[in-house]
Amino acid sequence: MAAAVVGAVVLSGCSGDSDDKGDDGAASKKPASTVELPKLDGEKIEVAAVWTGAEQENFTKVLDEFEKRTGATVTFVPAQDPIVNFLGTKIAGGSPPDVAMLPQVGAITQAVEKKWAKPAGAEAKAQLAKNYSQGWQDLGAVDGEQYGVYYKAANKSLVWYNNTAFENAGAAEPKTWKEFLTTAETISASGVTPVSVGGADGWTLTDWFENVYLSQAGPEKYDQLAKHEIKWTDPSVATALTTLAELWGKPALVAGGANGALQTEFPASVTQTFTGGDAPKAGMVFAADFAGVNVTEAGAKVGTDAKVFPFPAVGSDSPVVTGGDAAVALTDSKGAQALLTFLASTDAAEIQAKLGGFISPNKALDGKAYPSDVQRDIAKALIDAGDDFRFDMSDQMPQSFGGTPGKGEWKALQDFLKNPKDVKGAQQQLESDAAKAFKS
């Protein structure tokens with residue numbers, strides 16, 4: 001399955017940033033509206049999401065456009081991980097947000113099971129049918145009923161690298177895991193620590209595991225492990241952890257060693273790769289497409305200073321793991337449904353695509369909306385995949401195991417990063433936590 005996507009990706013050979021102008025140079029022309037929205041004068045709408053920084057600011061610009069078109073007032077409510085717990089507190093207090101952006105498939109299922117989520121209306125479903133492949137629609141459905149609108153997608157199988165560090169070391173882009181380790185050693189020999197790991201955020205470590213596991217064990221095993229149809233004590237898990245240990249077990253190859261990585265949050269893992277001139281703290285960082293925002297904040301230019309290659313093939317094919325955030329209505333208000341409809345439209349996707357650090361699963365969005373050739377190609381690969389992709393494994397699992405800081409898979413992999421020799425102990429910890437989560 002992965003191979004179909006990888007074949008469409010030509011990342012680092014791109015020419016770098018380009019402006020938003022189309023072929024006719026008409027950058028300033030406002031496109032005709034592709035979606036009809038109701039008048040909502042005086043209506044107040046709250047939207048909860050865990051987004052911060054530039055990601056939040058850019059999404060707010062989408063909400064601003066919704067306000068202009070409808071007359072509603074929209075308030076962004078900053079949420080904390082795990083968002084299901086945050087929402088539970090708000091709902092128990094009688095003040096649920098109208099819409100929540102849920103970053104896990106499992107969170108949508110939980111919201112439905114708890115009877116928090118409201119089905120998507122006819123207008124939102126019409127936009128989804130027009131603009132989305134069936135696979136993305138299905139991810140937002142529970143028992144055949146549509147609840148979620150996948151507004152934001154992520155290609156989670158990318159490695160960003162500091163072009164200067166690679167050139168100074170004479171390093172080439174690796175295509176296989178073996179080549180990746182050789183490249184890391186080459187960069188290390190040049191005096192730059194090769195790999196930055198944001199281990200303080202446990203989800204970055206689940207992404208490492210999932211890419212290795214999908215490429216090595218294959219999609220069938222991946223699906224089985226995601227549903228806990230096989231145990232984490234399975235030999236395929238041991239093989240993947242042993243492979244990760246080939247990198248994590250060599251402190252000289254990881255910026256700050258294990259202890260440093262465990263104190264590095266995701267944004268810092270990116271910025272430290274693209275600051276420091278000829279002496280950055282790391283030469284490359286494994287990160288999804290949305291790291292482009294952090295790259296830009298570091299003062300680097302995507303496509304020239306910062307380039308990208310697909311996660312190396314550990315097995316026969318490079319893996320392609322996707323993630324995403326779905327908008328789900330939590331109230332029966334007209335405004336909540338109107339916002340879902342807008343977020344499923346090409347109009348909303350185009351606004352945030354132009355701002356960078358964003359990939360849309362909306363297949364009707366013109367690729368010219370993206371501000372760089374790198375992002376354009378990443379988005380094209382996602383759309384060209386159709387329904388042929390694998391969604392982030394941890395996001396499919398119960399949130400108590402796959403999406404909670406300091407617990408479950410996040411904690412187990414942080415412990416493994418600290419002690420990558422203990423493969424069996426990591427497996428036992430993962431299985432114990434998974435068994436509890438899937439029973440509850």
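A: Happy to! A residue is called buried when its relative accessible area is under 20%. In this predicted model, Thr264 has a relative accessibility of 10%, so Thr264 counts as buried. You will find Thr264 in the loop that runs between α12 (257-262) and α13 (266-271). The side chain of Thr264 comes to 2.7 Å from the backbone oxygen of Gly260. Leaving aside residues up to four places away in sequence, Thr264 touches Val197, Gly198, Gly199, Ala200, Asp201, Ser269 and Gln272.

Now for the wider setting. The chain is divided into domain 1 (44-155 + 322-391) and domain 2 (158-319 + 398-438), and their C-alpha centres lie 27 Å apart. About 1600 Å² is buried between domain 1 and domain 2, with carbon and sulfur atoms giving 61% of that area. On the domain 1 side, Asn155, Val374 and Arg390 lose the most area to domain 2, together 34% of what that side buries. Arg390 also forms a salt bridge with Asp223, with the closest N and O atoms 2.8 Å apart. The count of salt bridges between domain 1 and domain 2 is one.

Let's finish with helix α10 (residues 219-226). Tyr222, Leu225 and Ala226 are buried there. Looking down the axis of α10, these buried residues fall within an arc of 100 degrees, so they line one face of the helix. Their cover includes α9 (202-217), α11 (235-248) and β11 (321-329). Just after α10, His228 takes a positive phi of about 60 degrees.

Terms used: Residues numbered from 1 in each chain as written. Predicted model: local features only at pLDDT ≥ 70, side-chain atom pairs only at ≥ 80, totals over all residues. Heavy atoms only, no water. Helix = DSSP H or I, 4+ residues; strand = E, 2+ residues; numbered from the N terminus. Buried < 20%, exposed > 50% of the residue type's maximum accessible area, 1.4 Å probe, protein only. Polar contact = N/O pair within 3.5 Å; in protein donor to acceptor, adjacent residues only side chain to side chain. Contact = heavy atoms within 4.5 Å. Arc of directions from axis to C-beta. Domains from an automatic or database assignment. Buried area = accessible area lost by both parts, 1.4 Å probe. Salt bridge = Lys/Arg side-chain N within 4 Å of Asp/Glu carboxyl O.
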